[in-house]
Amino acid sequence: MAGTDRSQIEEQHSYRQAIGQFATGVAVVTAQSPAGPVGMTANALCSLSLDPLLLLVCIDNSARTLAPIRERRRFAVNVLRREQRPLAEAFASKQSKPEHFEATPWRLHQDVPVLVQALAWLVCDLRELHPGGDHTIGVGAVTDMEHDADGEPLVWYRGGYVELGA
Ligand SMILES: Cc1cc2nc3c(=O)[nH]c(=O)nc-3n(C[C@H](O)[C@H](O)[C@H](O)COP(=O)(O)O)c2cc1C
């Protein structure tokens with residue numbers, strides 16, 4: 001981390017620990033690129049508005065998924081099931097993305113790749129991009145969605161994957 005001194009590193013560590021007490025679900029944010037589908041694991045996302053239907057997702061400025069979202073102005077949030085931890089790990093890696101899409105059924109829906117076995121998916125039009133430090137905040141207007149009311153979510157808590165009730 002160029003330009004980051006020791007006290008900053010300690011503060012960032014404390015911040016990770018403090019914010020890590022906030023349990024979240026885990027999603028794969030997907031988009032279509034000229035080379036095919038791309039996606040990245042994300043938990044910095046939340047519901048923003050009901051009228052209109054808006055959600056937001058925070059994307060690292062160095063994430064490769066950001067450019068296709070910016071260019072196509074479409075993306076999807078695929079909420080992962082408890083059983084889909086391997087997908088979360090794969091989409092968090094910097095390996096080639098087409099291989100990850102070979103490992104799970106997906107289809108283009110409204111020009112966006114959706115993971116059909118996800119616990120829920122929400123397809124969005126990109127409304128706005130806002131700078132947010134080393135991340136970019138993407139605001140999406142939800143244009144279609146599906147969910148499975150019976151499945152269980154994958155949960156991220158204190159820097160690791162956990163199961164509900166564990
Ligand atoms: C549980 C978990 C949650 C994550 N949440 C985010 C997030 O909200 N935003 C983000 O930019 N990166 C997040 N990441 C890191 C990205 O998944 C990772 O940097 C990924 O390699 C980016 O892929 P890309 O460069 O192909 O877009 C998360 C990783 C994990 C394991």
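Me: On what basis are residues numbered and included here?
Reply: The model is predicted, so local features need pLDDT of at least 70 and side-chain atom pairs count only at pLDDT 80 or more, while totals for chains, interfaces and linings use all residues. Side-chain values use heavy atoms, without hydrogens and water, and residues are numbered from 1 along each chain as its sequence is written.

Me: Which residues have the most contacts inside the largest nonpolar core?
Reply: A nonpolar core is a set of buried Ala, Val, Leu, Ile, Met, Phe, Trp, Tyr and Cys residues joined through side-chain atoms within 4.5 Å. Buried means under 20% relative accessible area, exposed over 50%, and partly exposed in between, with a 1.4 Å probe and protein chains only. The largest such core has 17 residues, and those with the most contacts inside it are Val29, Ile59, Ile69 and Phe75.

Me: Which elements give two or more residues to this core?
Reply: Helices (H or I, at least four residues) and strands (E, at least two) are DSSP runs, numbered from the N terminus. On that basis the contributing elements are β2 (27–33), β3 (36–42), β5 (54–60), α2 (66–72), β6 (74–79) and β9 (120–132).

Me: With which residues is Val29 in contact, leaving aside its neighbours within four places in sequence?
Reply: Contact means heavy atoms within 4.5 Å. Val29 is one of the residues with the most contacts inside the largest core. Beyond its neighbours within four places in sequence, the partners of Val29 are Val38, Gly39, Met40, Ala42, Val57, Thr65, Ile69, Phe75, Ala76 and Val77.

Me: Which residues lie nearest the centre of the largest pocket?
Reply: On a 1 Å grid over the protein atoms alone, a pocket is an open set of points where a 1.4 Å probe fits, with protein on both sides within 12 Å along at least five of seven lines; lining residues have an atom within 4 Å of a point. The volume of the largest pocket is about 1,600 Å³, where a volume is the space filled by probe spheres set on the points, joined across faces, edges and corners. Of its 42 lining residues, those nearest the centre are Arg16, Asn43, Ala44, Cys58 and His135.

Me: How many residues of the lining of the largest pocket are charged?
Reply: Ala, Val, Leu, Ile, Met, Phe, Trp, Tyr, Cys and Pro count as nonpolar, Asp, Glu, Lys and Arg as charged, and the others, Gly among them, as polar. The lining of the largest pocket divides into 22 nonpolar and 13 polar residues, and the charged residues number 7.

Me: Which element gives the most to the lining of the second largest pocket?
Reply: The second largest pocket holds about 150 Å³ of space. Its lining has 9 nonpolar, 2 polar and no charged residues. β4, β5 and β10 each supply at least two residues. The element that gives the most, with 4 residues, is β4.

Me: Is Cys58 buried or partly exposed?
Reply: Cys58 has its place in strand β5. Leaving aside neighbours within four places in sequence, Cys58 is in contact with Ala44, His135, Thr136 and Ile137. Because its relative accessibility is 23%, Cys58 counts as partly exposed.

Me: What is the phi of Arg158 near?
Reply: Arg158 is found in the loop between β11 and β12 and counts as exposed at 57% relative accessibility. Its phi is a positive value in a residue other than glycine, near 50 degrees.
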